[in-house]
Amino acid sequence: MMSAELLFKNGKVVTAESTYKADVAVAGGKIVEIGANLKAGAATEVVDCRGKLVLPGAIDAHTHLAMPFGGTVSTDDYEAGTRSAACGGTTTVFDFILQDTGEPFPDAIRRRDKLAAEQAVVDYSFHLAVKDVSGGLLGTMEEAVEMGVPSFKVFMVYDFGVTDGVFYQVLEHSKKIGALIAVHAENNEMVNFLSAKHLAEGNTSAWYHYMSRPEFVEGEADIRAIQWAKSLNAPLYIVHLANEQGALAVTAARDEGYPIFAETCPHYLHFTSDVYKRKDGINFVCSPPIKGKASQNALWEALKRGDIQTVATDHCPFLKSEKKWGAKDFTKIPNGCAGIENMYPYMLSEANRGRISFNKAVEVCSTNVARIFGCDHVKGAVEIGRDADIVVYDPKKRFTITNKAMHGDTDHVIFEGAELKGYPVATYSRGNLVYRDGKFLGSKGAGKFVKCRRIKL
Ligand code: URP
Ligand code: ZN
Ligand code: ZN
């Protein structure tokens, strides 16, 4: 073995498949050996992990950092967002780049990478959100894939959403170039119609955000998107799946053998649409909205079965003052919530309480994400040869989520007051300590771009 710089001793390693006692040795930012009773050299720093779990860092497949949206820009930039991520055990984030109209995809990557490279404290990669494929722009997708960004998202809603035709065209093209298309599925016409109807009737509160985007508005769009992907046998990844009908449609398509994948988010697993009746309901406004109990149960079941493969945050925070723009008109509330520091602790806490296994939490928050998005050669598991992105987790630690204890730039978290069983006590990014016992210890600009490979699903 090459001489280790860092040795995680006496912990229990958790992978997607198994849990076992072992020491983990790190050199040059990589995991170089895993085994019993590994010896420390004179220069090795030893981390005592007795009673702790040794986990791969989470990979957040869905963030919106410093994103212009809803008449403002999301609160966390690449520095604040990745700092917060690190303190919640997330060591890689996939951020969405919103293409400018007329902009070639490689230019969009360069534009955002300038910001991220300077600011990110942990590793990062991107997905490209497609606005425009006219006039030869479709052809620039392939160069983006070669640059290491093989995943693209289409929105079926919002003013920058694409038409059904563009969605289909992009799906068809993705097969030729080894890309993966992700979709935000909701029926735009229904959203617009129902929003106008409720406002005209004087129904303006956050509850009517949910009533304008009820369960079927998302479910119907999921079914259509799946239908088009099936017709092309193209892989499709449904982001932030929140409803039962969609979850069942994903299951049916997968049972037929189609490469359909889905992600959900902790807020859909933890809350129900009742939050929109609360006094602070505007703070929970995101799209798709949080659904009813039947949908929440269906998401947990699909996750356990493997029909939902990933959990991501959709981290898109706005200040309370910005959320208040919609106090008298729900359509003016910037859509999105904070969650980047809460995902892994929440999922691990649910595992610690017995709802899922720790292996499942690791699988959906890290291993599957790396595999689906083409970075499992370096990320997603405590395994020899992969980056030493490691979280030391104390299953006995109790933690109450408060915004005060978070490390981003947001002024509220929707998980305020949630009590967790177990919490990360240290996070390492490529062998560098970035978080310990409540304190951020990393540095701005230390995060590196993760070049993803062509998608093979
Ligand atoms: O409400 C949300 N989800 N905001 C972020 C943009 C998106 O739709 O993913
Ligand atoms: Zn979305
Ligand atoms: Zn999103």
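Student: What should I know about the numbering and the kind of model before we start?
Tutor: Residues are numbered from 1 along each chain as its sequence is written, and chains are lettered from A and ligands numbered from 1 in the order in which they are written. This is a predicted model in which local features need pLDDT of at least 70 and side-chain atom pairs count only at pLDDT 80 or more, while totals for chains, interfaces and linings use all residues, and side-chain values use heavy atoms, with hydrogens and water left out.

Student: Ok, metals then. Which residues coordinate the zinc ion (ligand 2)?
Tutor: His184 through ND1 and His240 through NE2 coordinate the zinc ion (ligand 2), at 2.1 Å. Donors here are N, O and S atoms within 2.8 Å of the metal (3.2 Å for Na, K and Ca), and water is not among the atoms, so sites may look incomplete.

Student: And where do His184 and His240 lie?
Tutor: His184 is in strand E12 (residues 180-184), whereas His240 is in the loop between strand E13 (236-238) and helix H8 (244-255), so the pair ties together parts that are 56 residues apart in sequence. Helices (H or I, at least four residues) and strands (E, at least two) are DSSP runs, numbered from the N terminus.

Student: Are those two histidines buried or exposed?
Tutor: His184 is buried, with a relative accessible area of 1%, and His240 is buried as well, at 2%. Buried means under 20% relative accessible area, exposed over 50%, and partly exposed in between, using a 1.4 Å probe and protein chains only.

Student: What are the protein donors of the zinc ion (ligand 3)?
Tutor: They are His62 (NE2), His64 (NE2) and Asp314 (OD), at 1.9 to 2.1 Å from the zinc ion (ligand 3), and the donor residues follow the spacing H-x1-H-x249-D in sequence. Both His62 and His64 are buried, and Asp314 counts as buried at 8% relative accessibility.

Student: How far apart are the two zinc ions, ligand 2 and ligand 3?
Tutor: The zinc ion (ligand 2) and the zinc ion (ligand 3) are separated by 3.6 Å.

Student: What about the geometry of the zinc ion (ligand 3) site?
Tutor: The site of the zinc ion (ligand 3) is irregular, with angles of 88 to 138° among its 4 donor atoms. Four donors count as tetrahedral if all angles lie between 85 and 135 degrees; four count as square planar and six as octahedral if opposite donors are over 155 degrees apart and all others between 65 and 115; anything else is irregular. The site of the zinc ion (ligand 2) is also irregular, with angles of 57 to 143° among 4 donor atoms.

Student: Back to Asp314: what is its phi?
Tutor: Asp314 has a positive phi of about 55° although it is not a glycine, and its place is in the loop between strand E15 (310-311) and helix H11 (320-323). Most residues other than glycine have a negative phi, and most peptide bonds are trans.

Student: Which peptide bond is cis?
Tutor: The bond from Ser287 to Pro288 is cis, with omega near -5°, and Pro288 is found in the loop between H9 and H10.

Student: New topic: which residues touch the most other members of the largest nonpolar core?
Tutor: Phe152, Phe167, Leu236, Tyr276 and Met347 do, in a core of 104 residues. A nonpolar core is a set of buried Ala, Val, Leu, Ile, Met, Phe, Trp, Tyr and Cys residues joined through side-chain atoms within 4.5 Å. Apart from that core lies another, of 18 residues, including Ile59 and Cys452.

Student: How many aromatic pairs are there?
Tutor: The count comes to 20 aromatic pairs. In one of them, the rings of Phe155 and Phe160 have their centres 4.9 Å apart and their planes at 85°, so the pair is edge-to-face. Rings of Phe, Tyr and Trp (its six-membered ring) pair if their centres lie within 6.5 Å, and planes under 30 degrees apart count as stacked, over 60 as edge-to-face and the rest as tilted. Ring pairs also link Phe69, Phe155, Tyr158 and Phe160 into a cluster.

Student: Last one: how many disulfides are there?
Tutor: The count is 0 disulfides, a disulfide being a pair of cysteine sulfur atoms within 2.5 Å. For Cys375, the nearest cysteine sulfur is that of Cys452, 4.5 Å away, and Cys375 is buried at 0% relative accessibility.
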